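User: I would like to learn how to read the architecture of a model such as this one. Please take me through its features in turn.

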Amino acid sequence: MKAWSLALKLLRRDWRAGELRLLVTALVIAVASVTSVGFFTDRIERAMQRQAAEVLAADLRLDSSQPLDEKLLQAADQRQLRSAQTVGFPSVVLNDGNTQLVQVKAVTQTYPLRGRLLIRESTTGENLPTQDIPLPGEVWLEERLLPLLGLDIGDTIKLGQLQFHVSRVITYEPDRASNLFQLAPRVMINRSDLAATGLLGPASRVRYRLLLAGEASALEGYRSWIENQDLKNIQIEDIRGARPELRLALDRGGRFLHLTAATAILLCVVAVALSSRRFVERQADTSALMRCLGASQHQVGKIFFLRLLSLGLIASLAGTLIGLLLQSLLIGLVGHWFTQQIPSPTPWPLFSGLGTGILVLLGFSLPSVLRLSRVPPLRVFRRHLGAPSVGYQLSIGAALTSLGILLVWQIGDDKLAFQLISGLLGGLVVLLLVSHLLVTLLKPLRTRSAGSWRYGLASLSRNPATTSVQLTGFGLGITVLLILAMVRVDLLDNWRNALPAESPNQFLINIQPHEVDGVRQILHAGGIESDGPFPMIRGRLIRINDQAVSTDSYASPRAQRLANRDFNLSLANEMQSDNKIVSGRWWSPQQYDKPWFSVEEGLAETLGIPMDAELVFEVAGQEIKGVVTNLRSVQWDSFNVNFFVVGTPGLMAGQPASYITSFYLPKEKRPLLHQLIQQYPSITALDVSALMQQVRAIMDRGVMAVESVFLFTLVAGVIVLYAGIQASRELRIQEAAILRTLGLSRRRLLLSVMLEFTLLGGLAGIISAGLASVISYTLATAIFELAWQPNYWMWVVAILGGALGVGIAGILASLPLLNNPPLAVMRKI
Amino acid sequence: MLQTSSLQHPVTASGLTKFVDTSEGRLDILQQVDLQVEGGEAVAILGASGSGKSTLLGLLAGLDEASAGEACLFGTPLHTLDEDGRAALRAGKVGFVFQSFQLLSGMTALENVMLPLELAHHPSPDEAAKIALSQAGLSERLHHYPSQLSGGEQQRVAIARAFAPDPTVLFADEPTANLDSHTGERVAEMLFDLQEKNGTVLILVTHDEMLARRCDRRLHLKDGRLDSNR
């Protein structure tokens with residue numbers, strides 16, 4: 001208790017005396033940026049997920065071939081979840097002797113829960129968003145049905161036993177995208193009309209769906225409840241399982257945001273480490289005096305530890321509150337980018353902020369602050385006796401442990417965190433070595449220069465240890481900023497380029513083998529480029545290495561779903577250009593007749609398919625057996641046609657196949673599509689431009705969020721700059737006062753300070769540019785799987801930016817020394 | 001070995017030796033110093049710069065370890081204790097006054113004086129510190145920071161800090177060397193007043209003969225050897 005109260009008293013005195021301001025500021029900024037980034041990313045991510053939830057028209061969807069039990073709905077009501085129901089089934093519509101297979105969807109009033117329907121009130125009218133659904137007795141149709149059935153708005157059609165009035169054209173249906181390969185055109189009616197149509201018989205192929213939306217915790221609760229209900233034949237779908245393109249876009253968006261948050265932490269950690277070092281130097285007298293006055297090493301250590309802990313708690317709390325304020329400003333800034341309301345903050349980032357503050361202090365301050373307990377009491381007589389240097393193992397161990405925890409925690413990706421840490425550790429060693437080398441190289445220059453140059457150079461080499469630490473601090477700061485800038489500019493651009501403006505926006509499916517050449521010719525004649533058509537064979541995976549595949553073999557819903565459905569298999573001579581082999585090798589022409597499979601890596605991981613596994617598929621009642629000889633990564637968000645499993649021509653040839661292709665169709669060439677459909681009426685054309693727009697919107701918002709978060713990192717960078725400059729403050733004050741007393745003019749003193757810091761910044765820039773290039777290469781190639789190009793501008797920016805930034809900051813920090821009389825300056829030491 | 005009662009001779013040294021190994025060989029700083037200081041006695045250790053005065057003071061106070069010989073504080077041989085044991089021996093019973101004052105710049109005069117009291121778990125450090133400062137004539141300066149005080153005032157704060165816990169032994173290292181003669185005299189006056197009033201043992205290191213004359217005994221240190229009877 002005594003130690004606590006003494007520690008708190010000392011803390012209060014330190015604070016008043018300004019001893020702790022730098023450390024506290026660094027800590028507050030670290031915590032504020034972590035919490036604001038945490039709150040912000042948490043909310044934005046949830047908003048992005050909600051936006052993406054449009055693909056399901058819900059946050060969670062239950063899907064069954066049987067009517068859904070009433071208790072499922074009741075349980076949702078109890079949890080205050082919003083709900084809607086849809087019933088979908090194929091049917092035939094008759095009009096004037098024309099018959100057409102359609103996909104009927106009967107919806108309840110609240111449909112869709114996420115996203116909106118776009119409709120047209122006349123064939124030539126505008127696309128309008130609506131919250132309505134067809135009134136009883138009304139039907140809304142997909143546009144392509146009108147020419148097929150010779151209908152117009154206002155006409156009536158018969159669906160089963162009931163006559164319907166055609167009142168609207170549906171141009172966009174949010175959850176349509178989740179079933180891209182639904183062939184038949186949409187017909188939407190009110191759920192209350194369904195029974196009267198008499199269309200639902202015992203043998204009907206019906207999908208009953210319950211759509212749910214609400215708070216994440218309520219959804220989670222519902223999900224775990226339903227998983228304990230032992231319900232057969234019900235699939236639970238959420239956004240991540242819905243479409244791989246969107247899942248990828250979301251995951252990457254999240255990764256970018258967390259990477260940005262992690263860089264803010266890294267910068268603040270540098271600032272905290274630098275300012276703790278200075279704190280220890282300045283507190284050595286206190287420690288020596290306390291020992292002199294009879295305090296034991298343990299007592300001194302305890303008092304400093306408690307001081308640090310209370311400091312950590314107070315600063316973290318302050319940082320957290322600032323973070324909370326900042327994130328609401330930020331949300332206000334970007335909120336309008338989202339079509340929906342941003343979800344309110346969860347308390348989790350609050351704890352993570354406090355945790356971060358304490359962890360940063362423990363890892364980066366404690367080892368050096370505890371050194372204070374070992375300051376020899378003899379320092380009261382011999383001022384040069386400082387705290388013994390801290391054991392490398394202890395300080396590096398503590399720093400790495402806390403950094404590791406922080407990064408894994410923030411990034412949520414062990415691999416990325418591990419690479420960042422090892423990159424940084426390697427970088428740190430390089431930085432220290434190069435810094436030391438540069439400082440040594442500067443020494444001889446000093447004797448060959450004159451005037452301000454000599455003072456500037458002398459300042460750098462007067463204390464090689466401090467200069468190396470400064471250089472390392474600045475270097476690390478600039479490196480982190482550069483990496484972030486590159487992540488932001490290069491990687492985000494690359495990311496967006498992965499979905500270029502001319503990505504395929506049309507799919508043609510159900511092309512029969514004898515139609516392939518004709519389709520190819522029409523497209524070619526119309527100047528449309530396409531890699532396809534690709535053969536598509538329906539098959540079900542039944543065994544992996546002689547183990548039968550069933551839903552019971554898997555825990556994850558995605559794996560269960562995959563195990564339970566037909567795959568689209570294909571065959572190919574060459575691998576598609578946007579695929580990449582991650583393991584094994586693609587087959588050569590001599591190997592075309594081997595019974596081999598190529599499997600997409602994500603699928604292999606989900607279903608537990610190892611390399612060299614023997615897979616057995618059932619295709620049209622026949623078993624096809626082959627060995628997995630390579631795993632591929634597939635760029636799902638490219639909108640090219642891609643397959644989870646591809647076989648060799650020898651293995652797959654002769655199987656019943658239809659063909660599929662995708663291509664980019666500019667607006668002005670739409671008539672070509674009409675020509676194609678007229679000539680081959682059985683082919684289904686699917687327009688995915690709406691889905692693509694959605695993916696693009698998610699990416700764009702991700703980019704904007706990263707850019708906003710980038711601002712925090714910049715502030716953190718400024719603090720590193722400040723901390724670095726303060727590291728040599730005492731010595732500089734003393735020297736400046738002496739030099740001025742001896743008659744050095746303010747102008748020359750200013751020049752020497754400017755030279756000192758500009759040189760320091762420029763050198764840090766050189767080291768950082770090299771280090772950042774290596775790290776960005778690793779990030780781009782290993783983590784984001786994007787192309788990397790050397791960035792020469794980065795070197796220019798790093799060196800000039802470092803020299804200018806550090807130079808200006810150094811001058812600003814030194815101005816008080818120049819403007820105050822030397823005696824006043826000396827007295828402050 | 002000298003066997004004396006700790007009250008009779010709170011500070012003793014026998015054969016006290018200190019040397020350091022340098023690149024040019026062994027450098028002797030103190031050689032075979034014998035010393036007995038009686039309770040309430042004021043002893044001056046005189047010598048030129050570099051004669052080893054501060055080293056002797058550091059060894060007697062247990063701030064440093066001897067190369068050979070023995071120093072005892074309150075009857076306890078210091079070499080038998082570790083750093084913490086020596087600190088515990090000093091706690092509340094040993095005070096210091098330094099040439100460069102050694103006030104903590106971040107603390108006010110009052111807080112500086114409170115520090116040793118707080119470390120010794122004094123029941124009311126605030127009150128005791130105020131009394132000590134008023135005895136030093138600094139009642140008006142309680143909340144000033146060292147940088148806002150003159151040199152003399154700073155040293156008076158240091159003396160107040162040294163006497164506040166009512167120590168048995170006070171080590172003073174050139175307490176007036178950084179002050180002008182007039183201020184130095186006032187500070188010395190105060191130092192000896194308090195010493196006499198409290199019956200404190202004073203071990204004073206100085207090169208100032210005038211100051212040394214006010215002590216009960218004067219010892220001269222030359223080339224690391226003590227010449228006591230001049």
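Analyst: Chain A contains 25 helices and 22 strands; helices (H or I, at least four residues) and strands (E, at least two) are DSSP runs, numbered from the N terminus. This is a predicted model, in which local features need pLDDT of at least 70, side-chain atom pairs count only at pLDDT 80 or more, and totals for chains, interfaces and linings use all residues. Residues are numbered from 1 along each chain as its sequence is written, with chains lettered from A and ligands numbered from 1 in the order in which they are written.

User: Which residues touch the most other members of the largest nonpolar core?

Analyst: In soluble globular proteins, nonpolar side chains tend to be buried together. A nonpolar core is a set of buried Ala, Val, Leu, Ile, Met, Phe, Trp, Tyr and Cys residues joined through C-beta atoms within 7 Å. Here the largest has 181 residues, and Cys268(A) and Ile203(B) touch the most other members. Helix α8 (residues 244–292) of chain A supplies the largest share, 19 residues. A second, separate core of 42 residues includes Leu72(A) and Phe164(A).

User: How many residues does each chain bring to the contact between chains A and B?

Analyst: Two residues are in contact if their C-beta atoms, placed from the backbone, lie within 7 Å. Chain B gives 27 residues and chain A gives 24 residues.

Key. A residue is buried if 20 or more other C-beta atoms lie within 10 Å of its own, exposed if 12 or fewer, and partly exposed in between; C-beta atoms are placed from the backbone.
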